[in-house]
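Please open the structure in the viewer and follow the stops below in order.

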Amino acid sequence: MLEVKALEKSYGSKHAVRGVSFTVEKGTVLGFLGPNGAGKSTTMRMIAGVLEPDSGDALIDGKSIISDRRAAQASLGYLPEGAPLYEDMTPPEFLRFLAEARALPRKSRRDAVDRAIADARILSVSHQRIGDLSKGYRRRVGLAGAILHDPPVLVLDEPTDGLDPNQKRAVRALIARMAPSKAIIISTHTLTEVPAMCHRAVLIDRGRVIADDTPAGLARRSEDGSLESAFSRLTDQVEDETL
Amino acid sequence: MTGYLTRQMSGFSATYRRELGAYFATPMAYVFLAVFLLALGLFTWEAGRFFDTGVADLQPFFVWHPWLYMIFLPALAMRLWADEKASGTDELLLSLPLGIPGLVLGKLMAAWTVAAAGLLLTLPMWASVNFLGSPDNTAIALAYFVSLLMAGAYLSIGAAVSALTGSQVTSFVISVVIAFVFTAAGWPLVLSTVQSLFGTGFADIVARFSFITQFEGAQRGVLELRAVAYFLGFTATFVFLNCLWASRQRLG
């Protein structure tokens with residue numbers, strides 16, 4: 001479904017991503033973990049076709065983000081970090097804009113918008129401007145935008161970041177509902193939600209994949225069996241090696 | 001070929017509608033139109049002495065267009081790309097399966113439509129000269145047409161610079177400076193200086209690139225294809241730069 005092949009990216013002298021590869025099959029939710037500045041967002045932006053990699057490729061539903069960008073992007077739903085939205089629009093206006101921009105068939109646009117609004121549970125705020133919505137609702141509007149065209153692959157950059165526990169639960173429930181029919185990557189800082197939400201976890205540090213395992217398998221690598229200590233042990237370990 | 005064009009232009013109508021909506025969803029367009037009309041009226045009546053010329057035409061009105069466009073249109077265009085960057089929505093836009101040219105033209109056309117609305121709202125002035133005398137209406141229609149083309153050229157500067165700088169204030173200042181250079185190049189005060197420094201030949205070339213010089217014919221009611229080609233070519237050049245500067249973002 002999604003195949004990431006040796007992506008590389010440098011910003012000037014900073015080598016942000018150094019050959020990241022992994023695959024995600026349909027029905028899998030992949031947790032994309034790593035410390036701040038590890039290259040999570042950069043990798044996700046490259047998969048979404050927002051940023052051009054220096055080398056490597058990503059195949060979305062078999063279509064290359066490099067040589068067939070538009071076809072690949074048509075099969076992908078992307079929630080950028082912080083869920084940026086057009087604040088002057090209402091959620092339905094925003095979704096209609098995306099439907100038109102994605103050139104969904106005219107007849108199915110209304111259905112797609114209605115379905116995304118229902119799935120993201122944002123019907124009650126349809127008449128409000130996005131700028132006036134709470135953080136939780138804004139995030140759900142962003143998610144509605146990402147799933148509007150029912151893409152086989154979803155890339156969600158910190159979908160639960162900055163939300164209160166209830167809002168987090170709502171977003172997690174939405175992701176769980178979509179999971180069986182899609183390949184989903186989620187980046188997150190909140191390690192406690194990884195076992196509940198993800199089938200697999202890829203841990204990256206300094207632009208490299210340092211672990212690719214189930215959340216339980218990852219947790220077993222630490223002495224006390226918690227994901228948190230595994231996370232710090234694995235990322236610290238690399239730090240020690242380079243010293 | 002048509003397939004290629006369709007792909008490049010995908011997103012044009014969605015972008016156009018969204019941007020036009022954004023102008024009118026905020027006070028932006030209304031404030032722009034109100035202040036623009038006020039300034040245009042003030043200059044036409046006070047500085048242009050509209051009633052004192054004794055002639056029923058709109059020359060005292062059109063003569064101010066380049067100068068007012070120079071200030072007002074960069075203000076209208078500055079948000080087009082800088083706003084996307086500030087709110088992070090550029091990320092969203094670039095993740096859509098769209099062509100950059102469609103985005104660039106959609107945004108420019110939306111701003112152009114607001115400018116056209118401004119011109120449309122000056123039509124009562126045209127009506128009043130017809131009430132006061134019998135002006136050459138073909139000449140006035142022509143001047144309106146070329147003025148609209150010139151507005152596109154000014155807007156294309158602002159839109160392109162907005163994509164380049166990513167900040168509204170910086171974009172406004174730089175656009176006004178560029179617009180000033182292309183406006184003032186035809187100003188006698190500047191031209192005489194250029195002439196004394198670099199000679200008549202060079203001054204002629206400078207004058208030819210000035211919006212004021214190119215707009216002069218239209219103000220007199222003469223349709224110069226040269227001027228039409230100049231404004232369209234100028235706009236196309238900046239649209240091209242805008243495409244380059246907007247796609248540069250993909251490189252990181």
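**The interface between the chains**

Begin by selecting both chains of this predicted model: 23 residues of chain A are in contact with 22 residues of chain B. On the side of chain A that touches chain B, strand 1 (2-11), helix 2 (69-74) and helix 3 (91-101) each supply at least two residues. That side of chain A comprises 13 nonpolar, 3 polar and 7 charged residues.

**The nonpolar core**

Next, select A:Ala144, A:Val155, B:Ala111, B:Met150, B:Tyr154 and B:Leu155, the residues with the most contacts inside the largest nonpolar core, which has 144 residues. Helix 10 (residues 137-165) of chain B contributes the most to this core, namely 16 residues. From chain A, domain 1 (2-75 + 152-242) and domain 2 (85-150) each provide at least three residues of the core. Now centre on B:Tyr154: leaving aside residues up to four places away in sequence, B:Tyr154 touches B:Tyr69, B:Met70, B:Leu73 and B:Ala179.

**The sheet of chain A**

Turn to the open sheet of chain A, where 6 strands follow the order 6-7-8-3-9-10 with mixed pairing. Strand 6 (76-79) and strand 10 (208-213) of chain A are its edge strands, each pairing on one side only. On average, neighbouring strands of this sheet are turned by 15 degrees against each other, direction ignored.

How values were computed: Residues are numbered from 1 along each chain as its sequence is written. Chains are lettered from A and ligands numbered from 1 in the order in which they are written. This is a predicted model: local features need pLDDT of at least 70, side-chain atom pairs count only at pLDDT 80 or more; totals for chains, interfaces and linings use all residues. Two residues are in contact if their C-beta atoms, placed from the backbone, lie within 7 Å. Helices (H or I, at least four residues) and strands (E, at least two) are DSSP runs, numbered from the N terminus. Ala, Val, Leu, Ile, Met, Phe, Trp, Tyr, Cys and Pro count as nonpolar, Asp, Glu, Lys and Arg as charged, and the others, Gly among them, as polar. A nonpolar core is a set of buried Ala, Val, Leu, Ile, Met, Phe, Trp, Tyr and Cys residues joined through C-beta atoms within 7 Å. A residue is buried if 20 or more other C-beta atoms lie within 10 Å of its own, exposed if 12 or fewer, and partly exposed in between; C-beta atoms are placed from the backbone. Domain bounds come from an automatic or database domain assignment. Two strands pair if DSSP finds at least two bridges between them. Axes are lines fitted to C-alpha atoms, for helices over the stretch in contact, and angles run from 0 to 180 degrees between N-to-C directions.
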